[in-house]
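Subject: Structure for you to look at

Dear colleague,

Here is the structure I promised to pass on, with the sequence alongside. Please open both before reading further, as my notes follow below.

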Amino acid sequence: GIKNSKVKEILEKSDILVELLISGYGLSGIEGMALGKPVISNFQYEASLLRHYSYLSECPIVVAGVDSIYEKLKFLIDNPEIRLDIGKASRAYVLKYHSLTSLQIM
C-alpha cells in the first residue's frame, strides 16, 4: 500500500536490504540491488543445478537464514568497504541480468 516513490526514497536512505522469502529473491531485492545496496536473502541456490546452468552463480546476494541473519548483518555493518563492493556488484548484476534488454534476450 506504499507508493513506489516512497519505497524508493526509503531504499535510497538504507544501507542494507533484508528480504527473507521462502526461496529466491523478489522485486524488492532487485530494486535494492539496482540502487546499489547489498541484499541479504535466504536465497538457497548454492546446491541447485540451476546455479550451474544460469546466471545465478554471479548473484551477489548475501545468503542468510533466520539462524544466521544477525552474523551477516553485523558483518556488513562492521565492514562498510565490503558493503560498498557488494552494492556495486549488485548494481552491475541487475543491469546485466534484469534490464529490459537482457530480459528481451532471455
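A residue counts as buried when its relative accessible area is under 20%, as exposed when that value is over 50%, and as partly exposed in between. Please keep in mind throughout that this is a predicted model.

With that cut-off in hand, tyrosine 25 counts as buried, because its relative accessibility is 16%. Tyrosine 93 is buried as well, with a relative accessible area of 3%. Tyrosine 93 also forms an aromatic pair with tyrosine 97, and this pair is tilted, with 5.4 Å from centre to centre and 55° between the planes. Both of these tyrosines lie in helix H5, four residues apart, which is about one turn of the helix, and tyrosine 97, like tyrosine 93, is buried.

The chain has two aromatic pairs in total. In the other one, the ring centres of tyrosine 25 and tyrosine 93 are 6.4 Å apart and the planes stand at 70°, so this pair is edge-to-face. It joins distant parts of the chain, since tyrosine 25 sits in the loop between strand S1 (17-19) and helix H2 (27-34), whereas tyrosine 93 belongs to helix H5 (residues 80-97), 68 residues away. Taken together, the ring pairs link Tyr25, Tyr93 and Tyr97 into a cluster.

To place these details in the whole, the secondary structure comprises six helices and three strands, arranged along the sequence in the pattern α-β-α-β-α-β-α-α-α. Of the 106 residues in the chain, 37% are buried. Among the contacts with a separation of 6 or more, 47% are between residues 24 or more positions apart. The accessible surface of the chain is about 6,900 Å², and carbon and sulfur atoms account for 60% of that area.

The axes of helix H4 (residues 69-78) and helix H5 come within 5 Å of each other and cross at roughly 100°, so H4 is roughly perpendicular to H5. On the H4 side the contact is made by Phe75, Leu76, Ile77 and Asp78, and on the H5 side by Pro80, Ile82, Arg83 and Ile86.

Serine 41, in strand S2 (residues 39-41), is buried, with a relative accessible area of 0%. Leaving aside residues up to four places away in sequence, serine 41 touches Glu19, Leu20, Gly24, Ile61, Val62, Val63 and Ala64.

Leucine 11, for its part, is located in helix H1 (residues 4-13), and at 9% relative accessibility it counts as buried. Again leaving aside residues up to four places away in sequence, leucine 11 touches Leu17, Glu31, Gly32, Leu35 and Lys37. For lysine 37, the C-alpha to C-alpha distance from leucine 11 is 8.2 Å, while the two residues are 26 residues apart in sequence.

Notes. Residues are numbered from 1 along each chain as its sequence is written. This is a predicted model: local features need pLDDT of at least 70, side-chain atom pairs count only at pLDDT 80 or more; totals for chains, interfaces and linings use all residues. Side-chain values use heavy atoms; hydrogens and water are left out. Helices (H or I, at least four residues) and strands (E, at least two) are DSSP runs, numbered from the N terminus. Buried means under 20% relative accessible area, exposed over 50%, partly exposed in between (1.4 Å probe, protein chains only). Contact means heavy atoms within 4.5 Å. Accessible areas come from the Shrake-Rupley method with a 1.4 Å probe; for residues, only the protein chains shown count as cover. Rings of Phe, Tyr and Trp (its six-membered ring) pair if their centres lie within 6.5 Å; planes under 30 degrees apart count as stacked, over 60 as edge-to-face and the rest as tilted. Axes are lines fitted to C-alpha atoms, for helices over the stretch in contact, and angles run from 0 to 180 degrees between N-to-C directions. Angles under 35 degrees count as roughly parallel, over 145 as roughly antiparallel, 65 to 115 as roughly perpendicular and the rest as oblique.
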